[in-house]
Amino acid sequence: MPLPKDNVGKIVSLLEKFFDAQAGRMSVKRRPALIIGYETNFRSIHDVDYELLPISSLSNTMPDPTYDYFVDDQLYQQLSLTQPSYIRTHKITWSHVKNLRIENPICDLININHNIFNSILQLNEQWVTRRTKKSIYIPVAIESTQSI
């Protein structure tokens, strides 16, 4: 199995839990996801968490005009995906290596098109920066000045 740093940029199959509304319970599905990072203090390559961006066809959802990176008709075939899809740059998730098919990646986006990988990382960074720089109102407790 490769070192975690060598998996960055690869699209892998991810086991993911979701609520199945028809069945009325939690279920598991496989979906493609792009590895963009990993925990740096891992104990072994068999016990490491990866930072991922999910890939979805968005058949039931409108894509975000800024942060959903469209994988068009030509690119999805190069990436060995089954249909045109979106890389969800604003839907970061983490998963343990045991939930990923690291040993058999779908493709290596960095080797296919390094510029696209960089564009995806820039969109992700832009979203994280905007999200964390929003001012958050935290009410401050006002001490009572009244005497009893």
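The questions and answers below concern a predicted model of a single chain.

Reader: In what pattern do the helices and strands follow one another along the sequence?

Author: The chain of this predicted model holds three helices and seven strands.

Reader: What share of the contacts between residues at least 6 apart in sequence joins residues at least 24 apart?

Author: The chain has 148 residues, of which 34% count as buried, and it exposes about 9900 Å², with carbon and sulfur atoms supplying 49% of that area. Among the contacts between residues at least 6 apart in sequence, the share that joins residues at least 24 apart is 62%.

Reader: Which residues have the most contacts inside the largest nonpolar core?

Author: In soluble globular proteins, nonpolar side chains tend to be buried together. Here the largest nonpolar core has 27 residues, and the elements that give two or more residues to this core are β1 (10–20), β2, β3, α1 and α3. Leaving aside neighbours within four places in sequence, L79 is in contact with I11, V71, I106, C107, L109 and I112. The residues with the most contacts inside the core are L34, Y50 and L79.

Reader: Is D68 buried or exposed, and with which side chain does the side chain of D68 make a polar contact?

Author: D68 is found in strand β4 and, because its relative accessible area is 7%, which is under the 20% cut-off, D68 counts as buried. Not counting residues up to four places away in sequence, D68 touches L58, P63, Y86, I87, R88 and H90. The side chain of D68 reaches the backbone nitrogen of D64 at 2.5 Å, and the side chain with which it makes a polar contact, also listed at 2.5 Å, is that of R88.

Reader: What phi values do L58 and S80 have?

Author: L58 lies in the loop between β3 and β4 and is buried, with a relative accessible area of 10%. S80 has its place in the loop between α1 and β5, and at 46% relative accessibility S80 counts as partly exposed. Neither residue is a glycine, yet phi is positive in both, near 55° for L58 and about 60° for S80.

Reader: Which residues does V28 contact, leaving aside its neighbours within four places in sequence?

Author: V28 has its place in strand β2, and at 54% relative accessibility, over the 50% cut-off, V28 counts as exposed. The C-alpha atoms of V28 and E16 are separated by 5.4 Å, although these residues are 12 residues apart along the chain. Leaving aside neighbours within four places in sequence, the contacts of V28 are L15, E16, K17 and F18.

Conventions:
Residues are numbered from 1 along each chain as its sequence is written. This is a predicted model: local features need pLDDT of at least 70, side-chain atom pairs count only at pLDDT 80 or more; totals for chains, interfaces and linings use all residues. Side-chain values use heavy atoms; hydrogens and water are left out. Helices (H or I, at least four residues) and strands (E, at least two) are DSSP runs, numbered from the N terminus. Buried means under 20% relative accessible area, exposed over 50%, partly exposed in between (1.4 Å probe, protein chains only). Contact means heavy atoms within 4.5 Å. A nonpolar core is a set of buried Ala, Val, Leu, Ile, Met, Phe, Trp, Tyr and Cys residues joined through side-chain atoms within 4.5 Å. Accessible areas come from the Shrake-Rupley method with a 1.4 Å probe; for residues, only the protein chains shown count as cover. A polar contact is a pair of N or O atoms within 3.5 Å; within protein, one must be able to donate a hydrogen and the other to accept it, and residues adjacent in sequence count only if both atoms are side-chain atoms.
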